[in-house]
Amino acid sequence: MPNAMKPLEGINCGWCCTKIQNLSVIRGGRSIIHDINLHIHCGELTAVIGPNGAGKSTFLKALIGEVPYQGNISFLEGDGKRSGKPLVGYVPQRWEFDPGSPVSVQDLFSARHRGWPVWLFRSQKKREETLASLARVQAGHLIDRKLGELSGGEIQRVLLALAMEPIPDLLLLDEPVSGVDFNGRELFYRMVSDLRRQYDLSIIMVSHDLELMKHFADRIVFLEKTILCEGSPEQVLKDEKVLHVFGTLEKEPIVKDYYISSTQEGSAV
Ligand SMILES: Nc1ncnc2c1ncn2[C@@H]1O[C@H](COP(=O)(O)OP(=O)(O)OP(=O)(O)O)[C@@H](O)[C@H]1O
């Protein structure tokens, strides 16, 4: 797959992009991240790696406006017709809910789109819209399942479908499949990668999956309070600072053919 496929020369380079300038966060009087500068072009998947406590989640939370930050975050259409704050979709690392709750996947989508209790009015049109959203992540078959019945990977796919409503300029994923087995993680990353191509999405994904990121990311950013190194996966994963934190990648990735299972409907993740 193409790595670093688009040039990064500037905001008026003809591609739509999100530009992050001098982003810093202070919490509890302590500098958590500082001076982060990054261009994320549409259609580009940027993986953020770093040790525990490096500030990766804080970085994403600043991008969604959940924590106060200093600096500037802007979005510009390639043709210059639209500029301003990017529309952001977000998938958290985990989502706490009562596993005994009777809420179904359909209810979750209905609650997101309506301003009153979901059992008051159920329309066929809304159901079809939910099915279309879930189909993006090969999860249409989950529509009537209770949330508590879903596996960790299935929940994250449902959250991914929600994050794609409406289609964002920038999709943020915070270790979206930690705790899911290797095949489930690989399937999830394939879906994300396919969505990126299909919708020309800018994606930032925090991940500890270095082996898989080697295949699915266009660019890797190594963050430890600030960006210590960035570039293609080949470049970054050879960098001394990265090797110092993560050691050598011992295992060869099992990802052999990127496209093989990307159309398999309903695989158990
Ligand atoms: N509300 C807060 N007040 C003060 N410090 C905080 C707050 N939230 C997070 N921190 C600190 O900020 C630092 C970065 O946390 P963050 O969760 O962003 O790191 P991370 O790179 O995502 O870590 P991990 O890989 O373990 O998930 C940590 O030292 C954490 O203790």
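**Around the ligand**

Student: Which residues are around the ligand, and which helix gives the most to that shell?

Tutor: Around the ligand are Arg 27, Gly 28, Ile 32, Gly 50, Asn 52, Gly 53, Ala 54, Gly 55, Lys 56, Ser 57 and Thr 58, where a residue counts as near if its C-beta atom, placed from the backbone, lies within 6 Å of the molecule. Helices (H or I, at least four residues) and strands (E, at least two) are DSSP runs numbered from the N terminus. With three residues, the helix that gives the most to the shell is α1 (residues 56–63).

Student: How can I judge the model, and what is the mean pLDDT of the chain?

Tutor: This is a predicted model, in which local features need pLDDT of at least 70 and side-chain atom pairs count only at pLDDT 80 or more, while totals for chains, interfaces and linings use all residues. Residues are numbered from 1 along each chain as its sequence is written. pLDDT is the predictor's confidence in each residue, from 0 to 100, and it stays under 50 over residues 1–13 and is below 50 over residues 252–269. In the chain, 80% of residues reach 70 or more, and the mean pLDDT is 83.

Student: How is the chain divided, and which helix gives the largest share of the side of domain 1 that touches domain 2?

Tutor: An automatic or database domain assignment gives the bounds, with domain 1 covering 1–87 + 168–269 and domain 2 covering 98–165. Counting two residues as in contact if their C-beta atoms, placed from the backbone, lie within 7 Å, 14 residues of domain 1 are in contact with twelve residues of domain 2. The largest share of that side of domain 1, four residues, comes from helix α5 (residues 182–199).

Student: Against which elements do the buried residues of α5 pack?

Tutor: A residue is buried if 20 or more other C-beta atoms, placed from the backbone, lie within 10 Å of its own, exposed if 12 or fewer, and partly exposed in between. Among the buried residues of α5 are Leu 187, Phe 188 and Tyr 189. These buried residues of α5 pack against β3 (45–49), α4, β7, β8 (202–206) and α6 (210–216).

Student: Why is α4 described as largely enclosed by the rest of the structure, and how many of its residues are buried?

Tutor: Helix α4 (residues 152–163) reaches 16 Å from its first C-alpha to its last, close to the 16 Å expected at 1.5 Å a residue, the expected span being 1.5 Å times one less than the number of residues. The buried residues of α4 include Val 158, Leu 159 and Leu 160. The helix is largely enclosed because the buried residues number nine of the twelve.

Student: Where is Arg 94 found, and is Arg 94 buried or partly exposed?

Tutor: Arg 94 is found in the loop between β6 (88–91) and α2 (105–113). Arg 94 and Arg 157 are 63 residues apart in sequence, and their C-alpha atoms are 12 Å apart in space. Arg 94 has 13 C-beta neighbours inside 10 Å, and therefore counts as partly exposed.

Student: Is Pro 166 buried or exposed?

Tutor: Pro 166 lies in the loop between α4 and β7 (170–174). Since 6 other C-beta atoms lie within 10 Å, Pro 166 is exposed.
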